[in-house]
Amino acid sequence: MRISLNWLKQYIDLTISPSELAHHLTMVGLEVENIEDLGGKYNNFFVGKVLKVEKHPKADKLVICEVGIGKQQYQIVCGAPNVTPGQKVAVGLIGATVPRNQHDSDGKPFTLSQVKLRGVDSYGMICSEYELELGEDKEGIMVLPPDSVGGIPLAEYLHIDDIIFEVGITPNRPDAMSHLGIAREVGALLNREVMIPKIELKENNEPISNFATVDVLDSVNCPRYTARVIMDVEIGQSPEWMQNRLKAVGIRPVNNVVDITNYVLMECGHPLHAFDYDKISDHKIIVKCATKKESFTTLDHKVRILQSDTLMICDAKLPIAIAGVMGGESTEISDATTKIIIESAYFNPRSIRRTSKYYGVNTDASQRFERGTDPNITAWAVDRAAQLINEICGGETLQGRVDVYPERISEKEINLRIKTTNDLLGLSLSATTISELLSKFGVQLIDDGSKDSAKELLRFKVPTFRPDIEREIDLIEEIARAYGYDNIKLKMSSSVHFLYDHHSFEYIDELRQQIIGRGMMEVVTNSMQDVSVASLTTDKIVKIANPISKDMEALRPSLIPSMLDIIHHNIDHGIANLRLFEIGKVYFNDHITNEFQVIKGYSEEDRVVLAFSGNAYPSAWDQKPRSLDVFDIKGEILTLFEKISLDNIKFIPYSNTDALTEYGLTIEINGEYAGLIGVIRSTILSKFNIEQDVFISELIVSVLERNRSKKKQFKSLPKFPIVARDIAIVVDDGLEIEKIESEIISAAGKILNKFQLFDVYIGDQISPGKKSCAYGLELRAEDHTMTQDEIDKVMQKIIDRIQYNLNGTIRK
């Protein structure tokens with residue numbers, strides 16, 4: 001739930017910082033998941049006044065402005081054609097970050113600094129609405145109304161100088177789903193008084209009983225129904241302050257009456273609903289269950305077929321609302337409405353939960369009703385709404401309320417044992433202290449245990465706005481929250497220190513299953529080998545003090561040599577097409593000491609090696625055999641990385657840099673070295689008596705695990721069609737393909753769904769020293785079908801980037 005700091009301050013005096021407030025709330029079980037500064041992006045922006053405008057001595061299109069911000073004056077060079085003296089404008093000073101750059105094709109933000117423009121110092125910027133993300137006009141500066149207050153921060157002028165807390169409210173805490181509910185929690189923590197709005201409601205002399213009646217036929221599912229009638233209401237927009245508050249917490253303003261019901265909802269947590277009085281047949285409200293298979297059109301203009309157990313609000317003829325979930329289209333407040341009935345009811349949580357789930361409708365009202373609202377706040381909530389309607393919409397409130405409440409829901413009474421409380425919390429609290437702590441949350445002592453011989457049994461009354469407190473253990477939890485979890489000292493502690501950080505078996509097993517799923521066979525080799533073999537990859541060899549034999553006198557520093565042994569063995573037995581892998585440890589004598597090493601000066605790590613040899617595809621009647629190449633291996637690695645949630649991968653070509661491989665690619669993930677892909681040198685192959693190419697990829701498991709994306713995101717299937725386009729780009733023969741693809745990605749942006757290099761041409765039809773790279777592009781917008789004009793603009797943007805950044809041309 002979104003909680004506005006400015007709104008919260010209406011009910012409690014707050015002097016602590018937003019971060020401190022977030023910490024306090026989190027420590028009492030109301031986890032603050034995020035803090036959003038609504039006006040943060042306008043830091044160092046102010047409302048200024050243009051005092052003087054002079055021509056720039058060295059530039060026809062520039063002017064030198066003197067701008068006043070409060071008592072300070074700043075010289076700013078401006079190129080807008082519409083700047084004139086006396087204007088109120090939005091000014092960014094040095095250090096401000098302009099949200100959008102109208103001179104950058106991607107609109108990237110930039111930070112202001114002191115600059116010289118044609119020899120004249122400029123100490124800020126007068127901004128357009130486009131640059132401030134307040135509109136799309138780029139032609140000139142944004143001119144504010146003449147009565148705008150100069151010198152104030154722009155965020156304050158825009159009424160977005162607010163901090164929003166995203167609070168994770170657990171399902172058992174409906175009382176905290178409002179600003180007053182949060183204020184009540186903060187008041188208990190900081191020992192501050194909560195200021196409940198005082199209701200001063202003026203009623204006329206006409207009794208409500210002469211104008212409306214309420215008949216509750218299902219008091220089990222509707223234990224209380226309260227209503228007020230207001231006449232001569234004028235429908236229009238709600239005040240700007242109310243609209244801003246609703247927007248801040250994620251509610252779209254509709255009109256003044258609807259906005260007031262939503263305001264009261266976010267204020268006290270109790271849902272209200274407004275009906276057009278003149279549209280209610282006989283001005284009578286009946287609360288009853290629906291007729292099975294009856295149709296009803298809700299406010300979202302959807303026709304719903306009702307179930308017989310759905311609680312409905314009806315008039316004398318037809319249903320007018322699904323109780324506690326959504327109102328009906330037939331009695332909706334419109335511009336023509338002049339009389340209204342405000343509903344403030346308490347519904348059975350089970351009934352609302354069942355209805356909401358069945359119809360697939362989740363509203364702010366249903367969220368609260370299905371968790372359990374306060375049955376004893378309905379009168380206050382409807383009076384508060386009537387007060388605001390009188391103040392904002394005019395009109396007259398009829399005398400009295402309709403309040404059908406046949407059986408009052410009383411506060412629960414719960415016994416609490418002092419000894420049990422102290423035993424569970426590890427404290428030594430007295431009865432007086434316990435009572436004081438619970439009173440902070442509105443839980444009142446009704447029996448101090450004086451009649452109990454042991455004087456250790458207390459009895460408390462729990463307010464009806466706390467339906468989650470049902471047992472003794474719930475009271476003990478409230479005591480812990482009021483006392484402060486941070487203040488409860490640990491009486492016993494223990495710690496476990498691992499000598500080294502190792503990879504989880506679960507991740508290695510996941511990696512193994514993904515590789516097997518790619519059709520590869522696992523091998524297991526000995527981690528001990530001959531020193532001469534171990535020396536092929538490094539000189540940091542770990543030698544064994546008492547080796548069993550000469551072939552086992554060193555621990556392997558790489559998985560590749562032992563894999564080559566396996567390949568030789570398979571080829572020797574007539575199996576030439578191989579796809580093998582191994583996951584195992586490698587060891588180093590690196591003379592580097594750290595706290596995680598089991599033996600100082602020695603280290604070990606998990607690696608995975610993938611080996612490929614022979615043909616790319618199995619033999620088939622419809623295709624010729626083709627030998628593997630390094631690009632086949634790259635494709636296999638990319639597919640594996642996708643399966644194990646790795647991205648931001650970079651392949652860097654290299655040659656003659658590794659003792660075992662002849663040429664290949666170094667792999668980086670998020671800028672961190674993760675391994676390599678390469679073809680084994682012919683001299684090394686001859687040592688292992690292998691007469692065909694072998695392609696190897698050796699990867700560091702810890703790097704893979706550390707860089708994998710922990711969060712999986714799912715999105716719906718695309719609704720709009722793909723547009724296919726081909727483009728052939730002529731560039732220098734030595735230019736890396738990766739640079740071409742990087743420019744295509746940057747230029748096309750999010751609408752580039754997929755692209756594929758399908759041809760590389762070098763020949764007589766293009767200039768010497770050049771190559772033609774042909775790509776197939778798939779473009780798609782997520783929210784609409786792309787027009788030809790949009791497609792042409794994207795393709796032109798790609799062409800411009802290629803020409804400007806790579807000196808390339810388009811092959812016709």
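Which residues are exposed on the other side of α7? R350 and K357 are exposed there, where exposed means over 50% relative accessible area, buried under 20% and partly exposed in between (1.4 Å probe, protein chains only).

## Basis

This is a predicted model, in which local features need pLDDT of at least 70 and side-chain atom pairs count only at pLDDT 80 or more, while totals for chains, interfaces and linings use all residues. Residues are numbered from 1 along each chain as its sequence is written, and side-chain values use heavy atoms, with hydrogens and water left out.

## Helix α7

Helix α7 spans residues 349–359, and its buried residues are P349, S351, I352, T355, S356 and Y359. They lie on the same side of α7 because they cover an arc of only 160 degrees around the axis, taken from the directions from the helix axis to the C-beta atoms. Helices (H or I, at least four residues) and strands (E, at least two) are DSSP runs, numbered from the N terminus.

The buried residues of α7 pack against β20 (303–305), β21 (311–314), β22 (319–322), β24 (340–346) and α8 (364–369), with contact meaning heavy atoms within 4.5 Å.

## Ends of α7

At the N-terminal end, N348 caps α7, with a side-chain oxygen 3.0 Å from the backbone nitrogen of R350. A polar contact is a pair of N or O atoms within 3.5 Å; within protein, one must be able to donate a hydrogen and the other to accept it, and residues adjacent in sequence count only if both atoms are side-chain atoms. After α7 comes G360, which has a positive phi, near 65 degrees.

## Cysteines

With a disulfide taken as a pair of cysteine sulfur atoms within 2.5 Å, the count is zero. For C222, which is in no disulfide, the nearest cysteine sulfur is that of C289, 11 Å away. C222 counts as buried, at 1% relative accessibility.

C289 is in no disulfide either, and the nearest cysteine sulfur to C289 is that of C314, 9.4 Å away. At 30% relative accessibility, C289 counts as partly exposed.
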